[in-house]
2 protein chains.
Amino acid sequence: MTQPAYSRLPRERRIADIMAAARVVFDEKGYAAASVAEIAERAGVVEGSVYRYFEHKRALLIAVVERWYGELLSDFDEHLEVITGTWNRLRYLVWKHLSTIEKQPMLVRLVFEELRSGPEYRTTAVFEVNRRYTRRTIDVLEEGIARGEIRRDVPLRVARDMIFGGVEHHTWAFVRGEGTFSPVAAADAIVDILRRGIATGIAAPEAPHGSKSPRRKPR
Amino acid sequence: MTQPAYSRLPRERRIADIMAAARVVFDEKGYAAASVAEIAERAGVVEGSVYRYFEHKRALLIAVVERWYGELLSDFDEHLEVITGTWNRLRYLVWKHLSTIEKQPMLVRLVFEELRSGPEYRTTAVFEVNRRYTRRTIDVLEEGIARGEIRRDVPLRVARDMIFGGVEHHTWAFVRGEGTFSPVAAADAIVDILRRGIATGIAAPEAPHGSKSPRRKPR
DNA sequence: CTGGACAAATGAGATGATCTCAGCAACACT
DNA sequence: AGTGTTGCTGAGATCATCTCATTTGTCCAG
């Protein structure tokens, strides 16, 4: 009669179950408010079992986010390769980022507000993926310079920061569940400003702050 | 004989002591790693006394950050008023933001990584100050449009997001104690890209490389 | 000077979280 | 059946935040 007090599963299966449960609970409550007890319950194990496979609660967060991040960018390089033209490629990069955020706001929020703050972030695979991602951006920009489409004196890191920072701020309300945005429209707007901002060609419309060139309408 | 087991201070003084201690401890360890017990000890009180004046640990964080934020932007409007010219004003806004971050990285980090994530953020005075700050930015941009210096079709919120997002990403490593930056140089670089990106005058340097539609916002 | 009201401050302990660990129970292989 | 291996348990150690009945200084009325 005694049906087993517990079921015995192969290691991988158990880990997968726990991670699946963790993903759901983190998604619903965020990292801090999620309790390991609840994750364990939903995974059908006892609390101690979670710690058998994951050193801390935080290790569980990292594992969950890393798996998801892996899936996410698997087809990315492939697609980028097909797209030609500096501005089209940039547009794809920006759109891809925006569209990821649109599809998985809660997981993105975990990365932005929890994972990225921690001291161990740089040892994380997520960090590595992000690096590769922003590295691609710099590559595209350098390519643009080589083609003579982007000014040689543009500080590329600043341009990159304006792209990704802009995307993040633009989607901020949405990620917190307080607004909406359109990935396509936002990508268009951002790349448009950026293109005009860094492309070669015509001279700058107006001189910078210094006193050198006279301003048109001083007051 | 017995000097009093504890000292009795006026309410305001005690609160000030506790907040000062909290500021130091938060600054050193961050919010999560700071314990109320340690804050209490440094303030020369017992743990329970902290809860006499602050409902939660989080209320203490908010109080500390709010006081600091208040001091910070007190002279801001005044200065901005004196500066003339759209681009100079933008440059001042951006520089001010950058320079604040440079001077108080740990407190900025508290805002970025702890306070801003919480659900009560929008009820905070910090939120209100930030709103006013970004509102000024939009004002300056609209002024630029009125003067004919900025294109009418520029989506101003996107421009604003690129500014503040760009600043935040640019200073990210520094805030985490892993790098440096120059407020003046960064402000120059950001405003330069932005100015070329949104100023009127010359037509856009080059059409997007793709086959079809130029991206222009019809709105 | 004295007694009583009041508020400041205490410290013990309730609550709830993460994390540990000795041992039990199911399975695989003799 | 016996035996080794290991998934899994459940009780509890430890350490946070937060509560509250009680103690103690201070002040003022009489």
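## Exposure of Tyr133(A)

A residue counts as buried if 20 or more other C-beta atoms lie within 10 Å of its own, as exposed if 12 or fewer do, and as partly exposed in between. In this predicted model, Tyr133(A) has 16 C-beta neighbours inside 10 Å and therefore counts as partly exposed.

Tyr133(A) belongs to helix α8 of chain A, which covers residues 125-146. Asp77(A) stands 56 residues from Tyr133(A) in sequence, yet the C-alpha atoms of Tyr133(A) and Asp77(A) are 9.3 Å apart in space.

## Chain A as a whole

Chain A contains 11 helices and zero strands. Read from the N terminus, its elements follow the order α-α-α-α-α-α-α-α-α-α-α.

Chain A has 219 residues, of which 33% count as buried. Among the contacts in chain A with a separation of 6 or more, 66% join residues 24 or more positions apart.

## Surface near DNA strand C

DNA strand C is surrounded by 24 residues, and the closest are Gly48(A), Tyr51(A), Lys57(A), Tyr6(B) and Gly48(B). Two or more residues of this surface come from each of α2 (36-43) and α3 (47-53) in chain A, and from each of α1 (11-33) and α3 (47-53) in chain B. The largest share, four residues, is that of α3(B).

By class, the surface near DNA strand C has 10 nonpolar, six polar and eight charged residues.

## Surface near DNA strand D

Around DNA strand D there are 24 residues, the closest being Tyr6(A), Gly48(A), Gly48(B), Tyr51(B) and Lys57(B). Here α1 (11-33) and α3 of chain A, with α2 (36-43) and α3 of chain B, each supply at least two residues. The largest share of the surface near DNA strand D comes from α3(A), with four residues.

The residues near DNA strand D comprise 10 nonpolar, six polar and eight charged.

## Helix packing within chain B

Helix α4 (residues 57-72) and helix α7 (residues 105-115), both of chain B, have axes that come within 11 Å and cross at roughly 135°. This angle is why α4(B) is classed as oblique to α7(B). The crossing of α4(B) past α7(B) is left-handed.

On the α4(B) side, the contact involves Leu61(B), Ile62(B), Val65(B) and Trp68(B), which meet Leu107(B), Leu110(B), Val111(B), Glu114(B) and Leu115(B) of α7(B). The residues of the contact of α4(B) with α7(B) comprise eight nonpolar, no polar and one charged.

Helix α11 (residues 183-198) of chain A packs with helix α9 (residues 156-170) of chain B at an angle of about 65°, and the two axes are 10 Å apart. Because of this angle, α11(A) is classed as roughly perpendicular to α9(B). The crossing of α11(A) past α9(B) is right-handed.

From α11(A), the contact is made by Ala186(A), Ala189(A), Ile190(A) and Ile193(A), and from α9(B) by Val158(B), Ala159(B) and Met162(B). The contact of α11(A) with α9(B) has seven nonpolar residues, with no polar and no charged ones.

Notes. Residues numbered from 1 in each chain as written. Chains lettered and ligands numbered in written order. Predicted model: local features only at pLDDT ≥ 70, side-chain atom pairs only at ≥ 80, totals over all residues. Near = placed C-beta within 6 Å. Nonpolar A, V, L, I, M, F, W, Y, C, P; charged D, E, K, R; others polar. Axes fitted to C-alpha atoms, helices over the stretch in contact; angles between N-to-C directions. Parallel < 35°, antiparallel > 145°, perpendicular 65-115°, else oblique. Left-handed = near helix turned anticlockwise from the far one by under 90°. Contact = placed C-beta atoms within 7 Å.
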